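Please look over the sequence and the model shown below.

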Amino acid sequence: MRRYFILFLLLACSPSLICDVGAAERGGPVRIGVLTEGFGPTTGAVGLRDGLKELGYREDKDFVIGVRFTQGDASALPAAARELIQRGVDLLFTEGRSAAKAAQVGTKKVPIVFAGGGDPVGRGLIQSFARPGGNITGVTDLDLELGPKRLEIFKEMIPGLKRVLFPYNATDAYSVSEAKAYRDAARDLKIVLVGKEVRTEDEAKAVLGRLKKSDIQGILSPRPMTSNIPDYVREAGSQSSMPTMFAATFFAENGGLASYTPNTYASGRMAARLVDKILKGESPGEIPVEANNKIELVINLKVAKALEINITPEALYTANRVIR
């Protein structure tokens, strides 16, 4: 069974747009294909939509958005990218490292605007920030660089945090880089980072299903959705009454304890300006890549109370948003 899905909709509380991107006739709305390994429409896609509307574009009149998501299966991204291209999208918007690379491999003609992922030069997405080259530009962030601070905040939040589990997919290059950054930070913070390599969803389930409070005091989630690890971390934290820290706001809003991450909605809004330039005739490869420096700490106080976890006042004070 194909492990990716396509959803065409207005990404808000407005009425649904039922429209196949490939069915739009030339001269009609600009067809924007969104590619992500997430589990549905993302905050970045919402930011893109809102940013375009702020620039004067009318949804369903001037543009339509089709979201293709692969439910944590990065291996399905190349096929999903090809199908969007075959359907005749006018522009691709990608979120995350793997999605951007899949889109870049899939087409040298369709303009690509990426959001997030960090280090686009090192990943081979662009030649330079000033002149990215080819058919791609986008908005980068500092997520990998935020890893040490994320772990530091986790320690500040939870008194007595000494041993932290970090499950990650050993076949995902970004997750491996995260693991190294966290190991280095843990040494400085006097924390024992218990890194657990997995390669499949079953392995992730098994690792997170054997948690004991006597072994660890918290779980740190990787950012990539590979093997659905972040969702299993959320479930494990709830079932074992254990604090969890995420690199995506979605999980703090939906059952996780906290997240410290670049604001992906802001990345989407910034990307809208780049899309506007492309639609007005500029070459993507000549449009400088921008950096989103807006970082957000979200703490779910409802989850903390349910788990009987006392968040330090200092952490609550520094939070950008507290869910009560």
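Which element gives the largest share of the lining of the largest cavity? That share, four residues, comes from helix H4. The model is predicted, so to speak of local features pLDDT of at least 70 is needed, side-chain atom pairs count only at pLDDT 80 or more, and totals for chains, interfaces and linings use all residues. Residues are numbered from 1 along each chain as its sequence is written, and side-chain values use heavy atoms, with hydrogens and water left out.

Begin with the two helices. Helices (H or I, at least four residues) and strands (E, at least two) are DSSP runs, numbered from the N terminus. H4 covers residues 143-157, and its axis comes within 9 Å of the axis of H5, crossing at roughly 45°. Axes here are lines fitted to C-alpha atoms, for helices over the stretch in contact, with angles from 0 to 180 degrees between N-to-C directions. H4 is therefore oblique to H5, given that angles under 35 degrees count as roughly parallel, over 145 as roughly antiparallel, 65 to 115 as roughly perpendicular and the rest as oblique.

In the contact (heavy atoms within 4.5 Å), H4 residues including Asp-143, Leu-144, Gly-147 and Arg-150 meet H5 residues including Glu-178, Ala-181 and Tyr-182. By class, this contact has nine nonpolar, two polar and five charged residues. Ala, Val, Leu, Ile, Met, Phe, Trp, Tyr, Cys and Pro count as nonpolar, Asp, Glu, Lys and Arg as charged, and the others, Gly among them, as polar.

On a 1 Å grid over the protein atoms alone, a cavity is a set of points where a 1.4 Å probe fits but cannot get out, and a pocket is an open set with protein on both sides within 12 Å along at least five of seven lines; lining residues have an atom within 4 Å of a point. The count comes to one cavity of 30 Å³ or more, and about 40 Å³ of space lies in the largest cavity. Its lining consists of Asp-143, Leu-144, Gly-147, Arg-150, Glu-178, Ala-181 and Tyr-182. H4 and H5 are the elements that give two or more residues to this lining.

The largest pocket holds about 1,000 Å³ of space. Of the 43 residues that line the pocket, Thr-36, Thr-42, Arg-223, Met-225 and Ala-248 lie nearest its centre. The lining divides into 16 nonpolar, 16 polar and 11 charged residues. Its largest share, four residues, comes from H8.

Conventions: Grid points are joined across faces, edges and corners, and a volume is the space filled by probe spheres set on the points.
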